[in-house]
Amino acid sequence: MRILVTLFSLALIVGILGVAGVLYAFYHYGRGLPEYAQLADYEPPTVTRVHAGDGRLLAEYAIEKRVYVPVSAIPRRVTNAFLSAEDKNFYSHPGVDFLSVTRAIVTNIANMGSSRRPVGASTITQQVAKNFLLTNEVSYERKIKEAILAFRIEQAFTKDTILELYLNEIYLGFGSYGVAAAALRYFNKSLDELTVAEAAYLAALPKAPNNYHPVRKYDAAVARRNWVIGRMLEDGRIDAAQAAAARAEALVIRKPDATQVVEAEYFAEETRRELARLYGDDGLYTGGLSVRTTLDPRLQDIANRALREGLIAYDRRHGWRGPLRSVSLDDNPDARTLLAEIERPIGIDEDWLLALVTATDAKKADLALADGSTGRLPMAQLNWARAWKEDQRFGVAPKKPSDVLKVGDIVLVEAVTENDKGEPYDPGTFGLRQVPDVDGAIVALDPHTGRVLAMAGGYSFARSEFNRVMQARRQPGSAFKPFVYLAGLDSGFTPATLILDAPFVLDQGGGLGKWKPSNYSNKFYGPTPMRVGIEKSRNLMTVRLAQTIGMEKIVDYARRFGIIENMDPVLSMSLGAGETTLMKVTTAYAMLVNGGKRISPTLIDRVQDRHGRTIYRHDLRACEVCLAESWADQPAPELPDEREQVADPASAYQVVSMLQGVVQRGTGRRIAELGFPLAGKTGTTNDNFDTWFVGFSPDLAVGVFVGFDEPRTLGRTDTGSNVAAPLFKSFMAEALAGQPTIPFRIPPGIRLVRLNAETGQLARPGDGRTFLEAFQPGNVPTGRQLVLDGGYNPQTGSTSASGTGGLY
């Protein structure tokens, strides 16, 4: 009896010491543990997706590719697979499965001295504690902390919440975080499409995804999958027939379908910068935002093509700069090996191929290509390749292939099927290609809202991420003149006002010499209507108008329209000598055609957070009737127009009318043959460094810029009218194709009066060339007019100059 009492006492003491030890361990290791309550607000990093206006994907930004799915939306067969593989008693244990722990201890003791890995017994709750709150350190201390946190988590959260955290957090290989991302990555399926076998394979991965790679370690992957299937059968989660079918199913990996992605790298990068500015890098890369942009994929495709083709056409006009490389063929090198060693130039078209010139004769050059095939370059495809010379000059036209190429030259070529006359070529015929060294940009926006519909910021984003729409600050040249004339119209002048086109000299003082601006033609035309001054881009008329109304007023208009914030009040600025961006100038033109209403260019329509809540809208106007649950042919809602009026609508229309004349009769007349109501203005800077064409239809504003990134001349005769305007024309021809013809909108108060196109006076019966001119009330000419010579001010009646506002 005494022995039993002694044994009982010892057992009691050991039990008390054990409980005390456990309590001490809980106290000791439980101090300073991470706050598990934070899991209630946990939002795992998810992908931010940026979409074009039609919903197609534009870009994705993420640190971890994850699709977060609530547990209620995860199919039972998927959760069953993970429960059988990882924690079959999940719904019954308090956070730690003591039975599994005991079994693991016994197994590990039995395996001591062998090479077998120690067996673990972590529950799903413990894995949540480790993944979210602890490190991956392998130690008894970490396991104790893990267990303590597991108990606490089980007290604070439901089992389903814990399972949801687990299934969305785990890494399953192939860059996939969470079961939804893994289903797409491995099988190109959503969760509800997975078979039992596929769900079992995913459940086999959490411990070591690389050990069960579906291709490199196929047998191990299938064996592990089948083990999970067996566990599911044991647990009664599937029946024997389902298990047999699942084991017989081949493990087939399917690549995700190619997502329809819109090619708009410059637009996407500018959107990324804006999102980072609004929400920071964390919000952008982990916030799971859904972004709807303003991009119109059709117009973006047109812009990409118009810019690339336009730059290539300009480049070809200025000659051939030579092969990529020249090699000796004396040692008979293998063309395939040789070409494989040559790096393709960055940003070239996919259809352009590297080719080696192997021979030339009077009619063609023979080629060897990297794939082992051969081809030929006929002389007709080499006619453009005159030798390039400094300052964009070029030599004489080649007469035979050897004038352009020699044996051993490595060049870029593209397969061609017909010549310039439409006659077919034999297969294996190629055209010579060259990557342009010039660059440029196109931007298109809605003039009524400021929504940017297309943006091509350069020839190739891969070659240069510099966005020439937003980042290139260049002189707009004559593209600035419409705002000088707008200021003149608001000062009381009219499109029919006569302005003296004659030599102009300004003493700059201080030993700086005299400023003598001139027209592009270096001619003088005497008294000329204002309309002709802008149609023909007359510099001397613009300077005289600017001197008359005062540069301070023009500076105000440049600021008001957002072209240049702090422009120097000097006369040269009236000719576009200040620096600005293509986006700013195009937005300013949009404000002319929309009736003088302020708009702000935007690339983002709406941003939603991961829960679908709208957290950003470009259009902040309230619209209660827009929240209708259904559409029943009710009238479309009318929203208030809250845009600020930055210019008189009548004056703005007069400028639009004069810019329409630029297209019909002036420096942009090559665009007139499109047959649409179009208006715009060319721009060319000194020595033809920068060329512009900015214009619009009634509902689309488009800006084009072409120039070298390191400014130099585009050529002695290359101006906005023959470099930039063709790109505008090409874009508008496709953009407006099939669209209804809408005339420019005329605001109230405008009177259209027929004038004689030669004299600018009121038309009389029998006059030949006449046109309709737009006048504001009280400004219709009635007879002889005064000639503005740089000094007359119609508001004061003074003939003294109102001041230049500074000297250049």
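Predicted model: local features only at pLDDT ≥ 70, side-chain atom pairs only at ≥ 80, totals over all residues.
**The whole chain**

The chain has 808 residues, and 49% of them are buried. Its secondary structure comes to 20 helices and 27 strands. Now look at contacts between residues with a separation of 6 or more: 69% of these join residues 24 or more positions apart. The chain exposes about 39000 Å². Carbon and sulfur atoms supply 52% of that area.

**An open sheet**

Find the sheet with the strand order β2-β1-β5-β20-β21. It is open, has 5 strands and shows mixed pairing. In general, strands of a sheet pair through backbone hydrogen bonds, either parallel or antiparallel.

From one strand to the next, the twist averages 15°.

Helix α11 (residues 265-286) packs on this sheet. The helix touches β1, β2, β5 (290-293), β20 (604-608) and β21. The direction of α11 makes about 35° with that of β2.

Within the sheet, β1 (residues 48-51) runs antiparallel to β2, and 4 bridges join the two. Threonine 48 has tyrosine 61 in β2 as its bridge partner.

**A buried strand and its two partners**

Next comes strand β23 (residues 690-697). Why is β23 described as largely enclosed by the rest of the structure? The reason is that 8 of its 8 residues are buried. A residue counts as buried when its relative accessible area is under 20%.

In a regular strand the side chains alternate between the two faces of the sheet. In β23, Asp690, Trp692, Val694 and Phe696 point one way. Thr691, Phe693, Gly695 and Ser697 point the other way. Residues on both sides are buried.

| Strand joined to β23 | Residues | Bridges | Direction |
|---|---|---|---|
| β22 | 679-684 | 6 bridges | antiparallel |
| β24 | 700-707 | 8 bridges | antiparallel |

Both connections are hairpins. Between β22 and β23 there are 5 residues. One of the turn residues, aspartate 687, has a positive phi of about 60°. The hairpin from β23 to β24 passes through 2 residues.

Threonine 684 has threonine 691 in β23 as its bridge partner. Tryptophan 692 stands opposite phenylalanine 705 in β24.

**A buried threonine in a helix**

Threonine 587 is found in helix α18 (residues 582-593). Is threonine 587 buried or exposed? Its relative accessibility is 5%, so it counts as buried. What does threonine 587 contact, leaving aside its neighbours within four places in sequence? The contacts are Leu445, Ile599 and Pro601.

Ile746, Leu752 and Leu772 make a nonpolar patch of about 250 Å². Leucine 752 lies in strand β25 (residues 751-756). With a relative accessible area of 42%, leucine 752 is partly exposed. Patch residues must have over 30% relative accessible area, so leucine 752, at 42%, passes that cut-off.

Key. Residues numbered from 1 in each chain as written. Heavy atoms only, no water. Patch = residues over 30% accessible without salt bridge, like charges linked within 9 Å, V, L, I, M, F, W, Y side chains within 5 Å. Areas by Shrake-Rupley, 256 points an atom, 1.4 Å probe, with all protein chains shown as cover. Salt bridge = Lys/Arg side-chain N within 4 Å of Asp/Glu carboxyl O. Buried < 20%, exposed > 50% of the residue type's maximum accessible area, 1.4 Å probe, protein only. Pairing = 2+ DSSP bridges. Axes fitted to C-alpha atoms, helices over the stretch in contact; angles between N-to-C directions. Contact = heavy atoms within 4.5 Å.
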